[in-house]
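Subject: Structure for you to look at

Hi,

Here is the structure I promised. Please open it alongside this note.

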Amino acid sequence: MDRRIGKTREAIFEAFISLMAEKNFEQITVNEIAARANVSRGTIYLHYVDKYDLLDQCIETQMEQLCESCLAGGEDAHIASGGVLLRTAEYLERHAWVFTTLLNNKGVPAFRTRLHAILLQGLSEQIDMSGLNRGMNKEMLIQFLASAVVGVMEWWITHSMPYPAKEMIEDILALMERNQMAPRPLDTVQ
């Protein structure tokens, strides 16, 4: 991608997120985004169909960057592994402003939904249906675990990350282990 295009998209993205921090997504106009980004309306329409397309691309870009960053560890690319969850939490911590804005804005349930879908996919490949989970409905168990992890992470983000990422993930892993979804413990992951 041309550097100018990248800089323009970055300016539009930053303007958009800063507006979302101030007001509900539905109240934001393309004119406001253009003014804040110091570009013309036409420039925004060169890159995005409308503000909904901008939101979708924003969320998709954030999720791609999150996945690339967190699954790049090499040692264990399972979504529910201790290392991946810790890298995810640390990434969220480093980019708190963006994720807090996306989760707090009333007009953006799509972000939470996308995060949930990624966890569902990863958990469905790893869930242990033996032992205590034998005889349970696998789909329901996966939904439960994904919703729990996303819910805790959402709470953590929207409450200004009251605990360090490592502490939160250790607690999530302990809860997952109790449900026989035992990834590698954090002390074995680096």
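This is a predicted model: local features need pLDDT of at least 70, side-chain atom pairs count only at pLDDT 80 or more; totals for chains, interfaces and linings use all residues.

The pocket

The largest pocket holds about 310 Å³ of space. Its lining has 14 residues. To find the centre, look for Arg9, Glu10, Phe13, Thr61 and Gln65, which lie nearest to it. Two elements give two or more residues each to this lining: helix H1 (3–22) and helix H4 (51–70). H4 gives the most, with six residues.

Now turn to helix H8 (residues 138–158) and helix H9 (residues 165–178). Their axes come within 11 Å and cross at roughly 160 degrees. An angle over 145 degrees counts as roughly antiparallel, so that is how H8 runs relative to H9. The crossing of H8 past H9 is right-handed.

Which residues make the contact? From H8 come Val149, Val152, Met153 and Trp156. H9 supplies Ala165, Met168, Ile169, Ile172 and Met176. The contact of H8 with H9 is made up of nine nonpolar residues, with no polar and no charged ones.

Best wishes

Terms used. Residues are numbered from 1 along each chain as its sequence is written. Side-chain values use heavy atoms; hydrogens and water are left out. On a 1 Å grid over the protein atoms alone, a cavity is a set of points where a 1.4 Å probe fits but cannot get out, and a pocket is an open set with protein on both sides within 12 Å along at least five of seven lines; lining residues have an atom within 4 Å of a point. Grid points are joined across faces, edges and corners, and a volume is the space filled by probe spheres set on the points. Helices (H or I, at least four residues) and strands (E, at least two) are DSSP runs, numbered from the N terminus. Axes are lines fitted to C-alpha atoms, for helices over the stretch in contact, and angles run from 0 to 180 degrees between N-to-C directions. Angles under 35 degrees count as roughly parallel, over 145 as roughly antiparallel, 65 to 115 as roughly perpendicular and the rest as oblique. A crossing is left-handed if the near helix is turned anticlockwise from the far one by less than a right angle, and right-handed if clockwise. Contact means heavy atoms within 4.5 Å. Ala, Val, Leu, Ile, Met, Phe, Trp, Tyr, Cys and Pro count as nonpolar, Asp, Glu, Lys and Arg as charged, and the others, Gly among them, as polar.
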